[in-house]
Amino acid sequence: MGFETQADFGTPEAQGAPVTLKVDGQPVTVPAGTSILRAAALQGCSIPKLCATDNIESFGSCRLCLVEVEGRTGYPASCTTPVAEGMVVRTQTEKLKQLRRGVMELYISDHPLDCLTCPANGDCELQSQAGAVGLRDVRYGYDGATNMGQAKDVSNPYFDFDPSKCIVCSRCVRACDEVQGTFALTIEGRGFDSKVSPGGFENFLGSECVSCGACVQACPTATLTEKKVVEIGTPDRSVVTTCAYCGVGCTFRAEMRGEELVRMVPWKDGKANRGHSCVKGRFAWGYAQHQDRILNPMIRESIDQPWREVSWEEAIAHTASEFRRIQAQYGTRSVGGITSSRCTNEETFLVQKMIRQGFGNNNVDTCARVCHSPTGYGLKTTFGTSAGTQDFDSVMQSDVILVIGANPTDGHPVFASRMKQRLRQDAKLIVVDPRRTDLVRSPHIEAAHHLPLRPGTNVAMLTALAHVIVTEKLYDEAFIRERCDWDEFQDWADFVSEPARSPEAIEPLTGVAAAEVRGAARLYATGGNGAIYYGLGVTEHSQGSSTVMAIANLAMATGNIGREGVGVNPLRGQNNVQGACDMGSFPHEYSGYRHVSDEGARALFETAWGVALDPEPGLRIPNMLDAATEGSFKGLFVQGEDILQSDPNTHHVAAGLAAMECVVVQDLFLNETANYAHVFLPGSTFLEKDGTFTNAERRIQRVRKVMSPLNGFADWEIVQLVANALGLGWDYAHPSDIMDEIAALTPSFAGVNYARLDTDGSLQWPVTGDAPDGSPIMHIDGFVRGRGKFVVTDYVPTDEKTGPRFPLLLTTGRTLSQYNVGAQTRRTDNVLWHEEDLLEIHPSDAENRGLKDGDWVSLKSRAGETTLRAKVTERVAPGVVYTTFHHPDTQANVITTDFSDWATNCPEYKVTAVQVAASNGPSAWQEEYAEQARMSRRIAGVIDAEAAE
Ligand code: SF4
Ligand code: SF4
Ligand code: SF4
Ligand code: FES
């Protein structure tokens, strides 16, 4: 296995008309606007450089890349000089060599000569460029004043900053500004005293830095170095793979030394991330080797017993016999399973296949139930496809970006950086969110309109925006007549035009000034290419599906569909939530969203799988739990989900799980759901298996095995073992075989196979005969369903109402450093940034309750009560409180209710009526729960003794 490398062309790609020049006698044709440095690199001629790299604009500070241009005097820097037609460039004359050596001499005279012990030895551009210019001597000596000997900043848990090695090329500063968009670094001082500073803060950890790693990647010396490189040494092999955290789907080069992962370096050819990363994918992978990982299968007769480690053979045989026993006793439909949005497409496909083929029912569901199921319903109804319409690159063509119910800088940080690049150019921003998220105002970005609506009023707000667009005739009549059903449009237009839907009429409901709503509507409708991005703040409501359809209505009415720069874009949460939905994880659909009652589709699967399939949709997660408490549902296979922590109304989930006779959990760690399990099958990490993930752009990308599974098997192999113990006779030798079956059975995946993924890097479904290279943009010539469908979306207030007992509205979200239930990120140094879940509360609400920042508070709803600490902030409006759900000891979902979306049962996480009061610390049930969880995690012969103390 080798080391995957990527060329650095020195400066970014340009887009102009072709220009031909000669470099060292060889002709080269490049787009106008290209630098001489890049043109030379494209032609295969490498000009020495230090301050230039191809993901940031050139700066021209190091003077190493000097060239001669015929007809021009002097020696221009090739990184800042654009090409011209007919230009003749020389890059290797004696004079140039002499000048470059002189420049390099000056750098080296102020640089420690400790190459042999330096962590960047062999991976340092200063070192390689000194060799490239032929430096043999430093005439100035090392006796004068230098910048060496400055103290290191080791405050960041993932990388060190050693200023004595800095050449002040400012690549780090520019990467932070241009790529990441955080503007955390500056160059302080002038001339010889210039130095990089984390924005005047004492150190990196205490600064604005969000640890994305862009500066570390950009640094050509050992000044910014990953701690793991210092600790382990320089990597000697690498594998290109996909991040397993969020739905952005960043591509990384996993760099290894032997079997040890040294670092994850973002891959420039990754079409989702274009070489960028966030703190989670870049650094927070230590959980993969964490001591809490369970590596041996375990079983127990009942959940109050300690776990007993058993062989894989025993665990698999026990699992199969338990499911068969339960079905014989309670009926075919008494068991089911939950697929994982964290696992690969292939693994997810196998779990739903095992349930349909092996259990003989459709009782399969996935965590998308609790996040983006309304997206599936709403976009399928209006456009005909259950997915977003654009690729991420599309945002660079947007003129107006409307972000509703999403916090991309925390939830989808790498895409947020791209969006911010476009916003720093000249695109306009509208934010619809109860909180003042970072996007509303951040360096060099300010939203044109922030509509801080009351949680639960999305539909009223979107209808008011539509009211302005229709009544002011800002809609795109030609587009609607050509692409949509005109009669349905008219019905919808009549509905939204009613005075009761005007911004003025809904102002008392939403709390947002009507003038601001009118301004936002006009901007979206008339500002050029309008793109809508949304998240769980749209879907996790009792009107989640209506909200998605209201968004689709707006896009169709303004003609903002079917080309670059526009569209409706759900920002998918988990790495493979799109894939889990595509793979047939819902109880009513096979892969490719074909209903189980569709006889043609069912016959296809019956023929392939050799069994008769159940034509009735199965149970959704909440229905499985209801059926369990009622006594008709007894066995559950859960792969890679922690429903006890992630699903609403924790007490209800616990009661359902406790009522089952066999709960099988397949996971990396003994998660909270495993407290109620009878069989635990250790899972494998994304580093330990092959497969594919599908990101929020419908982009199918390869996950490649980087190291052997610590538990002995990849997850797909474990499912195959269980399936075969159930008598299904599967014989997949590799996940590529599973993908071949998916492609054969799923029209939108027809052209997908591993060979193509390896050649093309990624493919965006549908990949069909009509679109053999995939579909970056959907609905270009027409909607998948034929004509776009306008749906009347009447605002129906949620039943979850504030009142004297529960006067505040709780809404939830997540932070940059933690991920969902935190099972992975809590087992990394990311806890430094978020040790506990906090309750954000407005100063006026805090004052009314006598609360100060950091006080313990009780948070109570009609579903339950928990205790956490308060953070007093104006980020939330008066009357609204906000928290995250990353820590199991907080159990934020004890508070959330079981109200859900009318169409899909997606829980109403974003609106819960609560009361907040001063408290003395964790409540009695939290302590009881912690004790119960501790007892439930006993493993015979391992931590029995500890539990007995
Ligand atoms: S820290 Fe690295 S990238 Fe930044 S100025 Fe110094 S040498 Fe250049
Ligand atoms: S890690 Fe990212 S945010 Fe922090 S200073 Fe470097 S580029 Fe900026
Ligand atoms: S943005 Fe998402 S996919 Fe990309 S590195 Fe971060 S967590 Fe991973
Ligand atoms: S690379 Fe051109 S001036 Fe530094």
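Which exposed residues does the face of α21 turned away from its buried side carry? They are Glu 599, Gly 600 and Thr 607.

## About the model

This is a predicted model, where local features need pLDDT of at least 70, side-chain atom pairs count only at pLDDT 80 or more, and totals for chains, interfaces and linings use all residues. Residues are numbered from 1 along each chain as its sequence is written, chains are lettered from A and ligands numbered from 1 in written order, and side-chain values use heavy atoms, without hydrogens and water.

## Helix α21

Helices (H or I, at least four residues) and strands (E, at least two) are DSSP runs, numbered from the N terminus. Helix α21 spans residues 599-609. Its buried residues are Ala 601, Arg 602, Phe 605 and Trp 609. They fall within an arc of 95 degrees seen down the axis, so they line one face of α21. The arc is taken from the directions from the helix axis to the C-beta atoms. Buried means under 20% relative accessible area, exposed over 50%, and partly exposed in between (1.4 Å probe, protein chains only).

The buried residues of α21 pack against α9, β23, β24 and α26. Contact here means heavy atoms within 4.5 Å. After α21 comes Gly 610, with a positive phi near 70 degrees.

## Helix α25

Helix α25 covers residues 715-725. Its buried residues include Trp 716, Ile 718 and Val 722. Among the elements covering the buried residues of α25 are α8, α9, β25 and α26. Just after α25, Gly 727 has a positive phi of about 95 degrees.
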